[in-house]
Number of protein chains: 2
Amino acid sequence: MEGKKLDRRVRYTKMVIRDAFIGLLAERAVAKITVKEICLRADVNRATFYAHYRDPFDLLHQIEDGFVEDISRYLADTDFTGVEEEASLAAATRICEYVKQNAPLCIVLFGQNGDARFLDKAKEIIRLHSLKDWFAGTRATKREAEYILHFVIGGAVEVIQRWVAGGLRESPAEVAGLVLKVAVSGSAAYR
Amino acid sequence: MEGKKLDRRVRYTKMVIRDAFIGLLAERAVAKITVKEICLRADVNRATFYAHYRDPFDLLHQIEDGFVEDISRYLADTDFTGVEEEASLAAATRICEYVKQNAPLCIVLFGQNGDARFLDKAKEIIRLHSLKDWFAGTRATKREAEYILHFVIGGAVEVIQRWVAGGLRESPAEVAGLVLKVAVSGSAAYR
DNA sequence: AAGATAAACAACATAGTGTATATTATTGCC
DNA sequence: GGCAATAATATACACTATGTTGTTTATCTT
């Protein structure tokens, strides 16, 4: 995406702004964070912030989009051929692994101060990567099938959120396994 | 909750402020809405706004909490004795009915400009009303059971969100039925 | 080393905030 | 109906963050 390598100064500036912002985001919501604060913490001139971002929301969205792009690429890089269910499990595990690897960022993005749009973006990515599998061989109507897909992804993301909030105590494989099991067989799978 | 009857003037003022705010919320997120705008639209003095609310977030949270309280009371008023699954279906249907009855408000609260915390509150309410049922007779560990519950509620709310966003085309009973079916038997129920 | 580019600095007009005061209008109640 | 209470208004205020601009300084690329 980023066509050319950036000037070291730019990279540095963006990094400190980003870090300062994420630090603040751990404390409160974006809406309560001012440009002034970010710059004070990052030790960067306010005009410099405006040279790179429109406002704190723009910054947040860039961070979010970067995350979504990364995870999307991460999934695209993997070949999920094989039995449908095995492939799905592999994909789910891989997502969980990515989350675990990027824990510090995920904690704020999925946490109390993250915004709803990010979650929607994340869901959409997962949706796109699992669509083909879920639509194959269903006897549900098209509309039902869509609702089911939304249900499953909504549930999956909810679980990942809880997993992150709880400190990532289970392994990625465990979480993925549970999610997939419930997604396929429902809560009855545990009765 | 509201102990005493309010002065007519107060009721009127709160109503116009609320309406003006919801109108604005249909256009953009809370963070982008100013007190000034709300007052201009509501034709109310700015000082009057501050007499009732700290800021637009406070207003939003009051609206959200009112919604959650209402739905909570709505559920509490209903007796859900009977077969576990029947009772769950009745509760789910009732929630969907409530949403449909309050469609204009739900569209903004569940919509693009709603905040993540509201969804969390809503999920928590549903959780509290379904906890007893889901924890009964499971062979899952406690931790697994909690994840499953979160999964199901996350999925259910996701479906309701889509249902609202899509214009409430299905009946409450249909939506509730689909949600419950997937929750219990998973996507495999439709294979 | 030289030219290019980005950051720092400082200054500015603007807009919204939150609060306080005096004034006017409406309400609830005897 | 009249009156005390209370809410809303009009207005003014200091304050803070915003977004922008022009200039200077530091750093990068070649």
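## Surface near DNA strand C

In this predicted model, DNA strand C is surrounded by 18 residues, and the closest are Thr13(A), Ala47(A), Thr48(A), Thr34(B) and Val35(B). Both chains provide elements that give two or more residues to this surface: helix 1 (8-25) and helix 3 (46-52) from chain A, and helix 1 (8-25), helix 2 (35-42) and helix 3 (46-52) from chain B.

By class, the surface near DNA strand C holds seven nonpolar, seven charged and four polar residues.

## Surface near DNA strand D

Around DNA strand D there are 19 residues, of which Thr34(A), Val35(A), Thr13(B), Asn45(B) and Thr48(B) come nearest. At least two residues of the surface near DNA strand D come from each of helix 1, helix 2 (35-42) and helix 3 of chain A, and from each of helix 1 and helix 3 of chain B.

The surface near DNA strand D divides into eight charged, seven nonpolar and four polar residues.

## Contact between chains A and B

Contacts between the two protein chains involve 33 residues of chain A and 34 residues of chain B. On the side of chain A that touches chain B, helix 7 (116-135), helix 8 (142-165) and helix 9 (172-185) of chain A each supply at least two residues. Helix 8 of chain A gives the most to this side, with 12 residues.

The residues on the side of chain A that touches chain B are 18 nonpolar, nine polar and six charged.

Methods. Residues numbered from 1 in each chain as written. Chains lettered and ligands numbered in written order. Predicted model: local features only at pLDDT ≥ 70, side-chain atom pairs only at ≥ 80, totals over all residues. Near = placed C-beta within 6 Å. Helix = DSSP H or I, 4+ residues; strand = E, 2+ residues; numbered from the N terminus. Nonpolar A, V, L, I, M, F, W, Y, C, P; charged D, E, K, R; others polar. Contact = placed C-beta atoms within 7 Å.
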